[in-house]
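These are my notebook entries on one structure. I record what I looked up, entry by entry.

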Amino acid sequence: MSTVDVAAVQQQVGQYSETIVGFLRELCAIPSMDSQIGPVGERVQEEMRALGFDETWFDAMGNIVGRIGDGPRILLYDSHIDTVGIGNPDEWDWDPFIGKIEKGRFYARGACDEKGSTPPMIYGLKIAKDLGLLDGWTAYYFGNMEEWCDGIAPHAFVEHEGIRPDFVVIGEPTKMQVYRGHKGRVEIEVTSRGRSAHAASNHLGDNAIYKVLPLIEGVSKLEPQLGDDPFLGHGKITVSDMKVSTPSSTPCPTRRVCLSTAASPLARRPWAPSNRCGRSRRRRCCATAKSRSK
Ligand SMILES: [Zn+2]
């Protein structure tokens, strides 16, 4: 890579700073919850085209990709452009899609996690190209969905788009620090099945909720066993979602799903079937594990 003229980079960034902030406000004004990133992806695509990216397209999953440069080494900038929901709109004192600026900080749904990384990535790549810093590199911007499908989009980028980056920068918020590691992550979905019966005759039924109570309690006490890592810190685990399926609110529930997520610095997780997917008539367990970056 060429020698970096920091002053020239700062001059360029300063030139575009108001545009970058305005672009971020536009992105946050476009709702993209529940993995619905089409409209915000189109806005990102429009900006990349205007900035002279060599190629932009939506991948088969619906994520937006932009390429700039065509060198032999591959650099990927990854930013998820979906967000979590806004909860109860009545509980907001201000519009989360319009946002607000306080003490020089912009607040809006997704401003931090993680639309905030998209404008500087795209403008940074344009500036890098203009200053000759991308000579020898092919750089990609990848705006994707993550909140409900963590890790699936970058997997699709590699396996379906067939692009294998040499280096990846992920735009998750880290208080402007460069993080070099990730604990890894595993999701486990457990389904318990019961037998429906009227609540007044519950002795005839088999309550699926009761079956997972020991599991939930066990998860709540598991964290101390996950251990610590001197670099990555504490291992964490929690029950993060539950769904009950029942014919009505009167009978015993027949099906309950409990989804737990864990991030552990340790390779060995006491109860995680990390590379196994078992299925039986009464119980189903699935687990996925991934590591974002080393
Ligand atoms: Zn995020």
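I began with Asp 34, which lies in the loop between H1 and helix H2 (38–50); helices (H or I, at least four residues) and strands (E, at least two) are DSSP runs, numbered from the N terminus. The model is predicted: local features need pLDDT of at least 70, side-chain atom pairs count only at pLDDT 80 or more, and totals for chains, interfaces and linings use all residues. Residues are numbered from 1 along each chain as its sequence is written.

I noted for Asp 34 a positive phi of about 55 degrees, although the residue is not a glycine. For burial I used these cut-offs: a residue is buried if 20 or more other C-beta atoms lie within 10 Å of its own, exposed if 12 or fewer, and partly exposed in between, with C-beta atoms placed from the backbone. Asp 34 counts as partly exposed because it has 13 C-beta neighbours inside 10 Å. Ser 35 lies in the loop between H1 and H2 as well. Ser 35 has a positive phi of about 65 degrees and is not a glycine either. With 19 C-beta neighbours inside 10 Å, Ser 35 counts as partly exposed.

I then looked at the packing of helix H1 (residues 6–29) on helix H3 (residues 118–130). At what angle do H1 and H3 pack? I found an angle of about 150 degrees, with the axes of H1 and H3 9 Å apart. Axes are lines fitted to C-alpha atoms, for helices over the stretch in contact, and angles run from 0 to 180 degrees between N-to-C directions. H1 and H3 are therefore roughly antiparallel to each other; angles under 35 degrees count as roughly parallel, over 145 as roughly antiparallel, 65 to 115 as roughly perpendicular and the rest as oblique. I recorded the crossing of H1 and H3 as right-handed. A crossing is left-handed if the near helix is turned anticlockwise from the far one by less than a right angle, and right-handed if clockwise.

H1 contributes Val 9, Gln 12, Val 13, Tyr 16, Ile 20, Phe 23, Leu 24 and Leu 27 to this contact, and H3 contributes Thr 118, Pro 119, Pro 120, Tyr 123, Ile 127 and Asp 130. Two residues are in contact if their C-beta atoms, placed from the backbone, lie within 7 Å. By class, I listed 11 nonpolar, two polar and one charged residues where H1 meets H3. In this classification Ala, Val, Leu, Ile, Met, Phe, Trp, Tyr, Cys and Pro count as nonpolar, Asp, Glu, Lys and Arg as charged, and the others, Gly among them, as polar.

Ile 122 also lies in helix H3. Is Ile 122 buried or exposed? I found that Ile 122 is buried, with 24 other C-beta atoms within 10 Å. Not counting residues up to four places away in sequence, Ile 122 touches Glu 47, Met 48, Leu 51 and Tyr 141. The C-alpha atoms of Ile 122 and Phe 53 are separated by 9.0 Å, although these residues are 69 residues apart along the chain.

Next I checked the loop between strand E5 (105–107) and H3, where Glu 114 is found. A cis peptide bond joins Asp 113 and Glu 114, with omega about 5 degrees.

I turned to Phe 97, in the loop between E3 and strand E4 (100–102). Phe 97 counts as partly exposed because it has 16 C-beta neighbours inside 10 Å. Leaving aside neighbours within four places in sequence, Phe 97 is in contact with Cys 28, Ala 29, Pro 31, Ala 108 and Arg 109.

In helix H4 (residues 152–159) I found Ala 153, Pro 154 and Phe 157 buried. Seen down the axis of H4, these buried residues fall within an arc of 95 degrees, so they line one face of the helix; the arc is that of the directions from the helix axis to the C-beta atoms. What covers the buried residues of H4 includes strand E3 (73–80) and strand E6 (137–144).

Of its 294 residues, 29% count as buried. Among contacts with a separation of 6 or more, 72% are between residues 24 or more positions apart.
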